[in-house]
Amino acid sequence: MNIKEMLQNFGGKITYHYIDSSRSGKYMKAPEILDTRLRLYTKFKYPQGLYSHQVMCIISLLNGHHTALCTSTASGKSLGFCYPAMQEILNNSNARALFVYPIKALANDQIEKLKNLATDLALKPDIVRKFDGDVKATDRVEALEKSRILVVTPDVLHTTLLRLNDEPLYSRFFENLSLVILDECHTYSGVFGSNMAYVLSRLRQVCQKKGSNPRFMMSSATVGNPQEHLRQLTGIEDITIIDERFNGSPQFGREFFMVQPTRYLESYALDLMGELIQQNTRFLVFGQSRQQIERLVESFRLKYPKYRSKVEPYRAGFTPTERQQIENSFRKGELVGLVATSALELGVDLPNLSVCIILGLPSTKSSFWQQSGRIGRSNEGVVIVLRTDSAYDNYFFNNPEKLYNKPFEPLVINQNNEPLMIGHYACARAESGDFENPFLDHRIFGSKFSGLSQRIKEFDYTDEILYTKDPHFEINIRSLNDPTYQIVIGRDSQDPPIGTITYSQLMREAYPQAIFLQRGKRYRVTKISFTNKKVYVDACCPMYSSTRPKGEVRIKERFNGRILQKHWGSGVTIRNTTLGILEKVSGYQIITGKEKEDFEYAQPLMRYFVTQGVIIHLKEISSLSHSAVVGLTTALHNIYPVFYPCAKEDIASYAWAKEGEAGIFLYDNNAGGLGLTAAAFDRFEELIKQAYKNIVNCEYCLSHPQDNGCINCVVANRWYTTNVKSDRQAVLRLFEEIIDVLRRILPQSNQNGSENLPAKSQLIKEGHFGRTMISDGSLVFTGKNQEGVVLSSQYFQSVGEEERLYELNVQGRIVKFMGRSLTLVQGNLEYWCTNCGQEGIERSEEVCPLCGSQL
C-alpha cells in the first residue's frame, strides 16, 4: 500500500511529511528486591529483561516512595505497577491494592491481565475483582470479602466505597489498603481532574481515619507539568517522577502526513476508509464530536453498503455492553475500522492497527500524541491528519514544525471552584462520621476547605447539597451541574437504555423532535422526562432530513467584590469577573435539502450556571458594527486553544453591539469556572494580536478574496444561533483600531471597577436600599433544569449580604432556593427595602413608601 499515492489519487494535497523514527529497547534484569517468584516469572516471560523505566519504577515503589511513570503510549507502564502490587500481595496476607481506571473499558482490559499474572504466580485469579456500576450488590459483597486487588472507576470510588467506609467490609478494606494505583492520570484535567483531586483527598482522609497510609503509584502519558499536576491531583508533595527521558521501551516508526483535501472533507475521508477496507488494512478514524462520527458512519454505510458491517462508531454515551462488543469484534477481525471520539484515546488494547486518520487536530499536543499513539505498537504505522476549517488547524498547518516541536501543555486542575468545593465538603463531612464536628485534616484538604465547617454552621452557605442525606449522588464527577440522561427506545421508563447523554449535550443534540444518531442509526426524540432523567426516542424519522436547535444565550454580570479591570482610555476595557449564563432552546429547525421549517416549543429547554469569564467593552471606536463585533468575537474564540491550552468547547463566547458601543464575553463553559479564560485578561494584548494575525494569514480567505471571510476566521457558527456573515475587511479594521488604542495608551488597572454598573457595596454606601425580588406566582427556572412557581419568599442573611429565600412549587413538590440561583421566566419583579423590610414595592418607585429610604 503506497499511502502517498492513495492520498493524492483521492484528491489530497500533502502539505507536510514528518517521520517519528523507530528506536530499540533498553533492558535491565529484574531487580533483586523483587520476590523470587516474580523474578522467576520474569526470567521465563521476558527473557530479554524488563524495560529500564519499569525497573526504576519497581525499585522506587518497593523502597516506599510515591511514584509516577510518565512515558509515551504503549511503553509498558502497567507492568511497572502490577509487579509491586503482586509483591505486596505475596508478602502480606492482609494487604489490599486499589486500581483506579478512568473508564470501564480500560478497567475490563486490565482485569484479565491482572488475573493472568496472579494465576502465573500461583495465586487465585479471583483475588482480582471488578467493582463498578455494572456489578450487582451481591457480587460487590463477594468482591470485598475475597479480593486482594479491587479494580474500580473514579465514579464508584466516589459514590460507594468512600460513602460506605464505616460499614464493616468497606472499613476492613481501607484498614488494609497499602497501594493505590491511578492509571491514565493525564485524563484528570479540567472538570474531571478538579473533581478527582477532591475524591483523592477524601480517599486519603478515610485512609487516615482507618489507620492506613497507602503508597500512590501513578501512570500518565507525557504531559507538560507532571510534578505539579500530580501534586495537585493527589495532594502529595514528594513524588518520584520517571519520565520520557528514562523510557526504555522500543518504538516502531510512524509516518505523519498532514493533508489538505481538495474536496469536501467527509467525502474524502469516506473514500480513504473504503480503500483501506478493500486492502484489509486496520484503521482508526478520530472525529471531534459524537454526532460527527455518527454522521460519518451513516454516510459510509450509504456509500459503501457492501462494507457496512466492517465499520462501527465508538464514543462516550454507549452502554458498557455495546462498547465491549465493539472492542471484541475489532479484536476478532470482524471489524476493519473504528470511527471514534477522544473516548478511544485511552489505552484500550486494540492490536495490529496500521493507519490512524485524524479529522482535524485535537486541541492539545497530548491528545494528538495519544490518538496517533494508538498505532505503531506492534508494527510501523501511518498517521493522516486531515485539515478542517478551524483556526487551530489553520495555525498549525501553516506552522507544522511548531506542532511537532512544541512542549506538551500543562494540565488544569482548579480546586478554587466554589460549587465543586462545597459539594465535596458535603461528601467528606458525611464520610467523617461526625456531621456536626467533622475532622477534615487541613494538611490533606487545605485550610480553606477545612475552614468551611465553621462558615456553614453560621449559615454563610445555603447550597442545597449541604442539607442532602446522600450528597454523593448529587455530584457527577465528570461534569459540573450537568446531569446525565439515559436514552431509551419507546416510552416505557423500564426499557433498557441504549446510551447516555448529559443535559448540556442534550440541548444541542437530543432536544424534543431532534433527529439523533446512535451507532449509525437514526432516531427521533419523542419526549424528555426531567424527573426520571430519560430521553425517549423512536426510529420514525425521515432519512434525508436533519435538525438543529433554535437557541439563545443571555449573560449577566454578577458583582461579587472580586472584579479585576484594565482600561486603555475610555475606548477599550476588559474585566475579569463572574457571569451568570442562561442557555435556552426555544424550538428547532428541520432541514430537508434546501428547505427549512421552524418549530417552537410551548416550554423551552433551559440551563443556567454561574462561571468565570472576561468582558471586553468597546466604545468611541469608529469601526464598531454588529457583524464586525461578532466576527472579532469569533476570531478570539477560534484562536483561544492556540493561545491557551484548552479545548475549544471548554470555553464559550457571546457578543452584542448597539449605538456606538459593544460587549464581548469569553467565559469558562462550566459551572463555577476553571480559570481558563483568565489568561485573556492577563495577556489581552497578546490575544488580540494573535487573533488578528490568524485572520490576516487565513489561507482560504487569501485564495478566495471574493468570499470576504470564512468559518476558519470570522464567520460565526455557534450552536445557539444561525450564522452571522461577518465582513472580513470590517473585522480587520476593528482589530487594527483596537491594536492602535492598545499601542498608544498605557493600561490602567483597578479592582471592583465597573463604569456602567456600581457594585453592591457602592450602592449601599451611597444609601440605596432597594433590592430586586421576584413576585409571588411568577414562573422561574431553578438552575437544576426545572421550572417552578414562586409561592413565597423571605429575607435571609447570607455571607454578609441581603438575600431572599424562595419557596417554590416544582412539579408538585415544595422546595426552597436562594434567589441568586433563580432566573425569571414569566412574571414580575418588585423591590423590597433593606432598611425597613417593606416588600412588594413597584419598581417605578424611587423611595420606599414606608420609611422613605432611597431605593
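Modeller: Met 818 is found in strand β33 (residues 813-818); helices (H or I, at least four residues) and strands (E, at least two) are DSSP runs, numbered from the N terminus. The model is predicted, so local features need pLDDT of at least 70 and side-chain atom pairs count only at pLDDT 80 or more, whereas totals for chains, interfaces and linings use all residues. Residues are numbered from 1 along each chain as its sequence is written, and side-chain values use heavy atoms, with hydrogens and water left out. Met 818 counts as buried because its relative accessibility is 6%; buried means under 20% relative accessible area, exposed over 50%, and partly exposed in between, with a 1.4 Å probe and protein chains only. Between the C-alpha atoms of Met 818 and Glu 807, which are eleven residues apart along the chain, the separation is 8.9 Å.

Of its 21 residues, 19 are buried, so β24 is largely enclosed by the rest of the structure. β24 pairs in the antiparallel sense with strand β22 (residues 545-558) over 14 bridges; two strands pair if DSSP finds at least two bridges between them. Within that pairing, Arg 558 stands opposite Thr 578 in β24. β24 also pairs with strand β25 (residues 595-619), again in the antiparallel sense, over 20 bridges, and here Gln 589 stands opposite Asp 598 in β25. The two strands β24 and β25 form a hairpin with two residues between them, and Gly 593 in the turn has a positive phi of about 65°.

A further antiparallel pairing, over five bridges, joins β24 to β23. In it, His 567 has Thr 573 of β24 as its bridge partner. The hairpin of β23 and β24 has three residues between the strands, and Gly 569 takes a positive phi near 65° there.

The whole structure holds 35 aromatic pairs; rings of Phe, Tyr and Trp (its six-membered ring) pair if their centres lie within 6.5 Å, with planes under 30 degrees apart counted as stacked, over 60 as edge-to-face and the rest as tilted. One of these pairs, Trp 568 with Phe 684, is tilted, at 5.5 Å centre to centre and 45° between the planes. Because Trp 568 lies in β23 (residues 564-568) and Phe 684 in helix α24 (residues 684-696), the pair ties together parts that are 116 residues apart in sequence. Trp 568 counts as buried, at 1% relative accessibility, and Phe 684 counts as buried at 2%. Lys 566 lies over the face of Phe 681, at 4.7 Å from the ring centre; a charge sits over a ring if NZ of Lys or CZ of Arg is within 6 Å of the ring centre and within 35 degrees of the ring normal. Elsewhere, Lys 365 lies over the face of Trp 369, at 5.5 Å from the ring centre. Trp 369 is also one of the residues that ring pairs link into a cluster, the others being Tyr 16, Tyr 18, Phe 256, Phe 368 and Tyr 404.

The nonpolar interior gives the wider setting. A nonpolar core is a set of buried Ala, Val, Leu, Ile, Met, Phe, Trp, Tyr and Cys residues joined through side-chain atoms within 4.5 Å. The largest such core has 190 residues, and those with the most contacts inside it are Leu 98, Phe 99, Leu 161, Leu 203 and Leu 636. Helix α9 (residues 190-210) supplies the largest share of this core, ten residues. A second, separate core of 30 residues includes Phe 257, Leu 276, Val 297 and Val 311.

Helix α9 also holds Asn 195, which is buried at a relative accessible area of 1%. Beyond its neighbours within four places in sequence, Asn 195 is in contact with residues including Leu 420, His 424 and Ile 475; contact means heavy atoms within 4.5 Å. Asn 195 and Asn 414 are 219 residues apart in sequence, yet 8.8 Å apart in space, C-alpha to C-alpha.
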